[in-house]
Amino acid sequence: MIVEALFSWASSVPPWLATIVLSALPVTEAQLAIPVAVLSWKIHPALVYALAMFGNALPIVPIFFGFTALRSWAERYAQWSVKWLDRLVARAHRKFGADFDKYGVLGLIAFMAIPFPGTGVWTAVLAAVALKLPWRQAIPAIFCGMLLVGAIVITITLAGGSIVR
């Protein structure tokens, strides 16, 4: 239902803008925005990659640096949301914690490089927050993982699109 509403909205704005916005949202990210932009909206793959990576990168810094402040604010003014925020972080830690213990920052890149739901930028940033990774390690690793998964998704999209034609 949410995805249907997003695509309904996306049909009313320019495709390049829809690609950026869909890539920035946690429900779609680049893993869905890239195939839609290439196959449905017929945007050139190189432009799609650039737009999707730009959109996917937008939430990284605000989430990384703002999550702790948001949680502190919630403790004071919206206590009902603290459990929900803690569950988000705990879920990200469960998904990624073992990989980090085993592989370190390279595990964060590898975790993101798997183009499955729940392995995108949003989860990676929350995992970095949960593991209290320093920003100098976390943010470059998240960017590398994001660029890698974008390349993987665009390659799969192009290969799949040529098979279907």
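Student: With which residue does the side chain of Arg71 meet in a salt bridge of 2.2 Å, N to O?

Tutor: The model is predicted: local features need pLDDT of at least 70, side-chain atom pairs count only at pLDDT 80 or more, and totals for chains, interfaces and linings use all residues. Residues are numbered from 1 along each chain as its sequence is written, and side-chain values use heavy atoms, with hydrogens and water left out. A salt bridge places a side-chain nitrogen of Lys or Arg within 4 Å of a carboxyl oxygen of Asp or Glu. At 2.2 Å, N to O, the side chain that meets Arg71 is that of Glu75.

Student: Why are Arg71 and Glu75 separated by about one helical turn, and in which helix?

Tutor: Helices (H or I, at least four residues) and strands (E, at least two) are DSSP runs numbered from the N terminus. Arg71 and Glu75 are about one helical turn apart because they lie four residues apart in helix α5.

Student: Is Asp86 buried, partly exposed or exposed?

Tutor: Buried means under 20% relative accessible area, exposed means over 50%, and partly exposed lies in between (1.4 Å probe, protein chains only). Asp86 has a relative accessible area of 32%, so this residue is partly exposed.

Student: Leaving aside neighbours within four places in sequence, with which residues is Ile60 in contact?

Tutor: Contact means heavy atoms within 4.5 Å. With neighbours within four places in sequence left aside, Ile60 is in contact with Val121, Val125, Ile139, Ile142, Phe143 and Met146.

Student: Which residues form a nonpolar patch on the surface?

Tutor: Patches are made of residues with over 30% relative accessible area and no salt bridge, like charges being joined within 9 Å and nonpolar side chains (Val, Leu, Ile, Met, Phe, Trp, Tyr) within 5 Å. Phe65, in helix α5, is partly exposed at 46% relative accessibility. Accessible areas come from the Shrake-Rupley method with a 1.4 Å probe, and for residues only the protein chains shown count as cover. With about 300 Å² of accessible area together, the patch is formed by Val61, Phe65 and Trp135.

Student: Near what value is the phi of Lys132?

Tutor: Lys132 is found in the loop between α8 and α9, and at 71% relative accessibility Lys132 counts as exposed. The phi of Lys132 is positive, in a residue other than glycine, and is near 55°.
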